[in-house]
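Let's take a friendly walk through a protein model together. Please have a look at the sequence and the 3D view first.

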Amino acid sequence: MLRNLAVICLLGLLLPGFAGAGKYRQAAYVTNLYFANQITTEADSVQPDQVFNQLKAGDPGVSAFIVLNLLMDKGEHRFEVDILDKEGTLFDKLKFDSVLANQDDWRYTATGQFGGELPEGGIFFKIYDSHNAGAKEVIGTVRLMTAQW
């Protein structure tokens, strides 16, 4: 009887933790992200020319690519990226074609081009996924430095 009581108490302590674990689960994850000046796509692989971590602000001729390596659950995914200035104001938006993952842990690389006269002080990339026509969820946020030089 004492052993049964101990098992019940242990389960009472563990079950809330197991129930909460699913609360933080996403349908897609960003496993890698980088910025490049030019990219080439060869047989399901993206090759950057030059990778960087800052861009020139205020130059209308600036052009860059964002490369997102993603890991997804099975189903249809729609990815979007909001590009925000340092104040959090929407500066630009990238929308990607929908992706159909045939199984869990599906790997996919999404690329998008942005540019123009970027604001000084950095820009933020807020990455969203909508899984199987569900609600849009934030799956990552990244900052890229922008400065005058």
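**Ground rules**

This is a predicted model, in which local features need pLDDT of at least 70, side-chain atom pairs count only at pLDDT 80 or more, and totals for chains, interfaces and linings use all residues. Residues are numbered from 1 along each chain as its sequence is written, and side-chain values use heavy atoms, with hydrogens and water left out.

**How confident is the predictor?**

The score to know here is pLDDT, the predictor's confidence in each residue, from 0 to 100. The chain averages a pLDDT of 88, and 84% of the residues score at least 70. To talk about parts of the chain, we use helices (H or I, at least four residues) and strands (E, at least two), which are DSSP runs numbered from the N terminus. Among these elements, strand E7 (residues 75-84) has the highest mean pLDDT, 98. Helix H1 (residues 2-21) has the lowest, with a mean of 52.

**Salt bridges**

How many salt bridges does the structure hold? There are 5 salt bridges, where the term means a side-chain nitrogen of Lys or Arg within 4 Å of a carboxyl oxygen of Asp or Glu.

| Salt bridge | N to O distance |
|---|---|
| Arg78 and Glu76 | 3.5 Å |
| Lys93 and Glu80 | 3.3 Å |
| Lys136 and Glu80 | 3.2 Å |

Now look at where the partners of Glu80 sit. Lys136 lies in strand E12 (residues 136-147) and Glu80 in strand E7, so this pair ties together parts that are 56 residues apart in sequence. The salt bridge of Lys93 with Glu80 also links distant parts of the chain: Lys93 belongs to strand E8 (residues 90-95), and the two residues are 13 residues apart.

Are these side chains buried or exposed? Buried means under 20% relative accessible area, exposed over 50%, and partly exposed in between (1.4 Å probe, protein chains only). Glu80 counts as buried, at 16% relative accessibility.

Asp82 is found in strand E7 and counts as buried, at 10% relative accessibility. Its side chain makes a polar contact with the side chain of Lys93 at 2.5 Å. A polar contact is a pair of N or O atoms within 3.5 Å; within protein, one must be able to donate a hydrogen and the other to accept it, and residues adjacent in sequence count only if both atoms are side-chain atoms.

Leaving aside neighbours within four places in sequence, Asp82 is in contact (heavy atoms within 4.5 Å) with several residues, including Leu90, Phe124 and Tyr128.

Asp105 has a positive phi of about 60 degrees although it is not a glycine. You can find Asp105 in the loop between strand E9 (99-101) and strand E10 (106-115), where Asp105 is exposed with a relative accessible area of 51%.

Asn132 is not a glycine either, and has a positive phi of about 50 degrees. The loop holding Asn132 runs between strand E11 (123-131) and E12, and Asn132 counts as partly exposed at 45%.
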